[in-house]
Amino acid sequence: MEYAVGLPTVGAFGDARALTHLAVAAEERGWDGVQLWDHLLYDEPGWPVASSTVAAATIAARTRRIRIILTVVLPRRQVQDVAQDTAAINALSGGRLTLLAIIGSMDREYADFGLDPDLRARGRALDDRLDQLTALWERWGADRAPIWCGGRWPRRKGLQRAARFDGAMPGFEGHWPPKAPPVDDVAAAVEFVRSRAGRPIDVAVEGAADTHAQVAPYAAAGITWWVEALGWWRGGLADADARVGQGPPQP
């Protein structure tokens, strides 16, 4: 199993320089990846929101080993711009980009900009744009980055979509990091997505853990990535820096 640090891009974390610092530190301390949120707005008034695309590009230039897991709310973006940006980041990083495609958690990020916030419309747009994205990469001769899809278990649609691609990063009803989801729920989601895929694909889960013993049941349930969810709910940037500095959970 591999370990990433999960970084919000809002509030105290809404600064590409701070995100890059944490990613560089993560590489130095033995983490395998860094996962970035994707937002335009956030619920708290006055909070800054960083461009995850800019942060990913800067991290790609400043690191050499860690995987960059870039969340993209694809239905509210122009797919040709996403295709161009992700192809460039993947090339800049030497093939270390993973794209995490989701429909997004905030209706306002659609409605406030004249886009349809309806969940079904967003799902249809996500399916269409994923097909367009991979077609554009192929047309332009860009290396294909792995694609993961989000979803919220026990709903099935997101994981059915993920089964078409390279991985899944499900959320779980009623569980928000740092509270990790029940292991039985994770095992059920893993079995569902892999049975639909008919082949091994990555499954990532968010949580908070200091020891390998806390993570081991999730590894036994079949996940391939543990994402250590950092953010304001666990303190500020200094607290995140300290947790990154401890390194991933060790056996």
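Leaving aside neighbours within four places in sequence, which residues is valine 73 in contact with? They are Asp38, Ile102, Ile103, Gly104 and Tyr110, where contact means heavy atoms within 4.5 Å. Before we follow these residues, a word on the model.

This is a predicted model, in which local features need pLDDT of at least 70 and side-chain atom pairs count only at pLDDT 80 or more, while totals for chains, interfaces and linings use all residues. Residues are numbered from 1 along each chain as its sequence is written, and side-chain values use heavy atoms, with hydrogens and water left out.

## The barrel

Let us begin with the overall fold. Eight strands form a closed barrel in the order β1-β2-β3-β4-β5-β6-β7-β8, with parallel pairing. From one strand to the next, the twist averages 25°. Helices (H or I, at least four residues) and strands (E, at least two) are DSSP runs, numbered from the N terminus. Two strands pair if DSSP finds at least two bridges between them.

Strand β4 (residues 97-102) runs parallel to strand β5 (residues 147-153), and three bridges join them. Leucine 99 has isoleucine 147 of β5 as its bridge partner. Against the sheet packs helix α7 (residues 183-197), which touches β5, β6 (167-172) and β7 (202-207), and the direction of α7 makes about 155° with that of β7. For such angles, axes are lines fitted to C-alpha atoms, for helices over the stretch in contact, and angles run from 0 to 180 degrees between N-to-C directions.

Further along, β6 and β7 run parallel and are joined by two bridges; here glycine 167 stands opposite aspartate 202 in β7. Next, β7 pairs with strand β8 (residues 225-229) in the parallel sense over four bridges, and alanine 204 stands opposite tryptophan 225 in β8.

Valine 73 has its place in strand β3 (residues 67-73). Its relative accessible area is 1%, so valine 73 is buried; the word buried means under 20% relative accessible area, exposed means over 50%, and partly exposed lies in between (1.4 Å probe, protein chains only). Glycine 94 is 21 residues from valine 73 along the chain, and their C-alpha atoms are separated by 23 Å.

## Salt bridges

One of the contacts of valine 73 is Asp38, and aspartate 38 also takes part in a salt bridge with arginine 77. A salt bridge is a side-chain nitrogen of Lys or Arg within 4 Å of a carboxyl oxygen of Asp or Glu, and by this rule the count comes to 14. Three of them are set out here.

| Side-chain pair | N to O distance |
|---|---|
| Aspartate 38 and arginine 77 | 2.8 Å |
| Glutamate 109 and arginine 76 | 3.8 Å |
| Arginine 234 and glutamate 228 | 3.0 Å |

Salt bridges that share partners join Asp38, Arg76, Arg77 and Glu109 into one network.

At 18% relative accessibility, leucine 41 counts as buried. Leucine 41 and glutamate 109 are 68 residues apart in sequence, yet 6.4 Å apart in space, C-alpha to C-alpha. Not counting residues up to four places away in sequence, leucine 41 touches Val49, Met106, Arg108, Glu109, Asp112 and Phe113.

Phe113 takes us to the surface, where Leu40, Phe113 and Leu115 form a nonpolar patch with about 270 Å² of accessible area together. Patches are made of residues with over 30% relative accessible area and no salt bridge, with like charges joined within 9 Å and nonpolar side chains (Val, Leu, Ile, Met, Phe, Trp, Tyr) within 5 Å. Accessible areas come from the Shrake-Rupley method with a 1.4 Å probe; for residues, only the protein chains shown count as cover. Leucine 115 is found in the loop between α4 (108-111) and α5 (119-140), and at 32% relative accessibility counts as partly exposed.
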